[in-house]
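The sequence and the coordinates come first.

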Amino acid sequence: MKIDRLIGILSILLQKDLVTAPELAEHFEVSRRTINRDIDALCQAGIPIQTTQGVGGGIRIMSGYSMDRTLLTSKDMQMILAGLRSLDSVSGSRYYSQLMEKIKAGSSEFISGKDSILIDLSSWYRETLEPKIATIQNCIEDRHLLNFKYFAPTGESNRNIEPYYLIFRWGNWYVWGWCRKRRDFRMFKLNRMDKVRETSKPFEVREVSMPEFSNKAIFPGNIKVKALFDADMKWRLVEEFGHKCFTEQEDGKLLFTADYTNVDNLTYWLLTFGDKAEVLEPPEVREKLYNIASAVKKRYEQGE
């Protein structure tokens with residue numbers, strides 16, 4: 001990923017007086033053109049990098065410039081390493097481990113050797129998640145179409161997308177790209193993707209619109225929910241909605257109020273509480289739960 005490569009390049013420049021573009025390209029296994037773009041990005045970020053051509057030339061941090069080493073404190077380095085370690089949790093290679101080793105080698109005085117933050121971005125599906133992430137990263141880097149089979153509530157479909165971003169959000173991994181089928185930007189959940197492969201078909205980079213991540217955009221909350229929960233369900237309500245989502249009643253019940261987005265999702269969520277929840281509003285959700293409970297009861301009676 002680009003940000004990791006930029007950190008790696010900066011680390012090398014801090015450790016060496018001079019390095020060439022071919023050396024960096026070979027080290028990071030990318031093209032010289034990619035390295036040139038990375039150097040431009042570092043310059044735009046305010047790092048005074050000097051490049052010289054010809055024999056004895058190369059790339060260096062500009063002479064006479066003294067980087068304030070306090071810019072990266074021990075705490076800063078721990079945060080950087082924690083981020084890289086989290087990416088390593090879903091990597092099928094040793095790339096991030098090797099990058100951490102390079103950073104540690106050049107910054108030993110900043111690192112206490114004491115980890116205070118551990119982040120694991122993997123899931124129960126790690127074995128299938130790692131190759132998907134690697135394939136999508138390659139597609140983004142190579143600018144090749146990504147092909148996969150997608151499972152959605154509306155059914156199964158084959159998709160070809162122009163991938164632009166890998167996203168970790170709401171405890172899950174997604175890919176954001178232009179869907180050739182829908183002719184628009186879409187976000188796809190990796191756990192719903194199968195037979196993920198990089199095609200040989202290149203695509204022209206578009207002006208990419210970023211996904212809107214605000215709760216208001218993703219969860220507009222147009223359904224007003226009111227429900228009563230048994231007192232022993234307090235821990236779940238606090239965990240999922242916070243301690244202000246309910247008021248305790250005189251009989252010990254918890255009166256829950258919230259805005260919800262989707263009737264089906266709300267119904268399935270309430271079902272996970274079994275008989276420890278009673279919906280008061282909206283009436284259509286109450287009726288839907290009653291019909292589901294009746295259908296389940298009928299099925300089990302038939303089984304007997």
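Tyr 150 stands opposite Met 193 in β7. The model is a predicted one, in which local features need pLDDT of at least 70 and side-chain atom pairs count only at pLDDT 80 or more, while totals for chains, interfaces and linings use all residues. Residues are numbered from 1 along each chain as its sequence is written, and side-chain values use heavy atoms, with hydrogens and water left out.

Strand β3 (residues 144–152) and β7 run antiparallel and are joined by five bridges. Another facing pair between these strands is His 144 with Pro 202 in β7. Strands pair if DSSP finds at least two bridges between them. Helices (H or I, at least four residues) and strands (E, at least two) are DSSP runs, numbered from the N terminus. β3 also pairs with strand β4 (residues 155–169), in the antiparallel sense and over seven bridges. Asn 147 has Asn 160 in β4 as its bridge partner. A hairpin through two residues joins β3 to β4.

## The five-stranded sheet

The order β6-β5-β4-β3-β7 describes an open sheet of five strands with antiparallel pairing. β6 (184–189) and β7 (193–202) stand at the edges with a single partner strand each, so one side of each is left without a neighbour in the sheet. On average, neighbouring strands of this sheet are turned by 45 degrees against each other, direction ignored. Axes are lines fitted to C-alpha atoms, for helices over the stretch in contact, and angles run from 0 to 180 degrees between N-to-C directions.

β8 and β10 run antiparallel and are joined by seven bridges. Val 225 has Ala 258 in β10 as its bridge partner. Contact means heavy atoms within 4.5 Å.

## Nonpolar cores

A nonpolar core is a set of buried Ala, Val, Leu, Ile, Met, Phe, Trp, Tyr and Cys residues joined through side-chain atoms within 4.5 Å. Buried means under 20% relative accessible area, exposed over 50%, and partly exposed in between (1.4 Å probe, protein chains only). The largest core has 19 residues, of which Phe 229, Leu 237, Phe 256, Leu 266, Trp 269 and Leu 270 touch the most other members. At least two residues of this core come from each of β8 (223–229), β10 (254–260), α9 (263–271) and α10 (283–303). Apart from it lies another core, of 17 residues, including Leu 146, Leu 166, Cys 179 and Leu 190.

Not counting residues up to four places away in sequence, Trp 269 touches Phe 229, Arg 236, Leu 237, Glu 240, Phe 241, Phe 256 and Tyr 260. Ile 292 is found in helix α10. At 24% relative accessibility, Ile 292 counts as partly exposed. Ile 292 and Leu 271 are 21 residues apart in sequence and 9.3 Å apart in space, C-alpha to C-alpha.

## Helices α2 and α3

The axes of helix α2 (residues 21–28) and helix α3 (residues 32–44) come within 9 Å and cross at roughly 105 degrees. α2 and α3 are therefore roughly perpendicular to each other, a label for angles of 65 to 115 degrees, with under 35 counted as roughly parallel, over 145 as roughly antiparallel and the rest as oblique.

In α2, Ala 21, Pro 22, Leu 24 and Ala 25 meet Arg 32, Ile 35 and Asn 36 in α3. The residues of this contact comprise five nonpolar, one polar and one charged. Here Ala, Val, Leu, Ile, Met, Phe, Trp, Tyr, Cys and Pro count as nonpolar, Asp, Glu, Lys and Arg as charged, and the others, Gly among them, as polar.

## Whole chain

The protein has ten helices and eleven strands. Of its 304 residues, 36% are buried. Among contacts with a separation of 6 or more, 58% are between residues 24 or more positions apart.
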